[in-house]
Amino acid sequence: MRFWKNLIPLVLLLAACGQNPQTQAPPSGPRLTAIGGEPAVAGEILVKYKPGLQSQSLAPLGGSLALQSLSDPTWGSLVRVRVPEGQEEAYILAYSARPEVEYAEPNYWVANPAREVLSTLSLPHKPQALKPQAYSDGVTDPYFTSVPPGDPLAATGADGTSYTNVPYLWGIHRIRAPEVWDQGYRGQGVVVAVVDEGVDLAHPDLQANLWTNPNPNSAACPGLHGYDFVDDDTDPSDSGGHGTHVAGTIAAAANGQGVVGVAPEARIMVLRGLGYFGGTNYMLVRALKYAADCGAKVVNNSWGSGARSKAFLDVLQYGTSKGVVYVFSAGNSYRSGNRPSYPVSYSTLLPGVIGVGASSNDNRRAGFSNAGPYVTVVAPGAAILSTVPVAQNPGDPYAFLQGTSMAAPHVTGVVALLLSAQPSATPEAIRQALEQGANAKLTAQAAKPDYAAGGQYGYGLVDAKASLDILLGQ
């Protein structure tokens, strides 16, 4: 288990998932430089070679050195190449001119969203008295089957935002997940990859739902529960807490303790593509491809950057063509210019990529949440209670966080529910069900296809039950 570098207090953190990336070196990590206004690893580039080439065709240009290669006979080879610092752009141009090269680009840096905290909002602890709420399937988890009396979470954020009427796990009720559970679909049989900064593999709400690799010593799919692409080892334990919180919203087990995920019987494939301060495109591309090659059907990505990357588009095209759905958070930069984030912006190009904005308990767009044509649907993203690593708070490993990072896993969980009902559904069918089932009435604003008229919600608030009915033709 890694040493925990920080403790997330049990307060509401406004996680800045998708904020503009850093342009200086992170406190810990590789040296960075700015290329085209975006942070990238100094002295490195990525070179993608076309498939079917002989090894001698991959010889590096003079003055450069191949460091790592992600190769696939049908996809080609993505090579991490060392070049002289300050000459990254010159080498990108030189490699791009070679006939055997598909593209070359910087090895961009993606900041860890959990390290970019905009503000904190103190909330009272869980009240002692709980008001029962009926659920017909015998789930006894106190934080799911109960909501607090009155409004113990009423508070005002540092930016003046008022948070009222936010019961525990309100988001799961708002998206109507229990109504899908009642029909027998709880994510069973679906592997969900979480590309993040890892997951607490020993958390009591998550341990039973970890994916178990049938061949953990495989060269293509190593690791018992996933892989760490930051440290290149088979221990994808969480280095900060963000990934554990995301995983809990997706698939925390209905075990009578803690919280319950949207798809409480799905299996979590843990892919650590971000370190404590962030990660590189090369790390994240490897994680996205691992998910597609090793059995995941849906991949949660609560992260993003400002850099338009050919490598991201390339690997997403590869994965969606294999039937994988990729869910991305839209970003939290609305108040600072609403700058588009990547890879979520590729949702406008690829049906299998879903962009998710965040809504508050009043069904309005959360003030921090990005809005734009890349938002497919919105989901609850404010005051979200979920799991955090046990080491951060051994007696009560749960916390409230907010951000589009918290909205995306609600949608990922819904996708897992839909796939448990219809395992053969294509990414296009899943997207259509999400779009047509989304609830635009609750948001009380224009939704797609009338987005240009002022809507900020894509097709509306994700609705698990309505989407299931559409997928099953009911």
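A: Here is a close look at one strand, its neighbours and then some other parts of the chain.

A word on the model comes before the tour. The model is predicted, so local features are used at pLDDT of at least 70 and side-chain atom pairs at pLDDT 80 or more, while totals for chains, interfaces and linings use all residues. Residues are numbered from 1 along each chain as its sequence is written, and side-chain values use heavy atoms, leaving out hydrogens and water.

Let's start with the whole chain. It contains 10 helices and 21 strands; here helices (H or I, at least four residues) and strands (E, at least two) are DSSP runs, numbered from the N terminus. Of the 474 residues, 63% are buried, where buried means under 20% relative accessible area, exposed means over 50%, and partly exposed is in between, with a 1.4 Å probe and protein chains only.

In β17, 5 of the 5 residues are buried, so the strand is largely enclosed by the rest of the structure. Follow the side chains along it: Val325, Val327 and Ser329 point one way, while Tyr326 and Phe328 point the other way.

What lies on either side of β17? Two strands count as paired if DSSP finds at least two bridges between them. As background, strands of a sheet pair through backbone hydrogen bonds, either parallel or antiparallel.

Now step back to the sheet. It is an open sheet of 7 strands with parallel pairing, in the order β13-β14-β12-β16-β17-β18-β19. Its edge strands are β13 (226-228) and β19 (377-380), each pairing on one side only. From one strand to the next, the twist averages 25°.

Together, β16, α7 and β17 make a right-handed β-α-β unit. A crossover is right-handed if, with the strands pointing away from the viewer, the path from the first strand over the helix to the second runs clockwise.

Leaving aside residues up to four places away in sequence, Gly319 touches Ala292, Val324 and Tyr326; contact means heavy atoms within 4.5 Å. Gly319 and Gly352 are 33 residues apart in sequence, and their C-alpha atoms are 8.7 Å apart in space.

The structure holds 1 disulfide, formed by Cys221 and Cys294 with their sulfur atoms 2.0 Å apart; the cut-off for a disulfide is a pair of cysteine sulfur atoms within 2.5 Å. Cys221 lies in the loop between β12 (191-196) and β13, and Cys294 in the loop between α6 (281-293) and β16, so the pair ties together parts that are 73 residues apart in sequence. The torsion about the S-S bond of Cys221 and Cys294 is about -90°, so this disulfide is left-handed. Cys221 counts as buried at 12% relative accessibility, and Cys294 counts as buried at 10%.

For a contrast in pairing, look at strand β3 (residues 38-49), where 12 of the 12 residues are buried. Strand β2 (residues 32-35) joins β3 through 4 bridges and runs antiparallel to it, with Ala40 of β3 as the bridge partner of Thr33. β2 and β3 form a hairpin with 2 residues between them, and Gly36 in the turn has a positive phi of about 65°. β3 also pairs in the antiparallel sense with strand β6 (residues 101-111) over 6 bridges, and with strand β5 (residues 76-82) over 6 bridges.

Key
Axes are lines fitted to C-alpha atoms, for helices over the stretch in contact, and angles run from 0 to 180 degrees between N-to-C directions.
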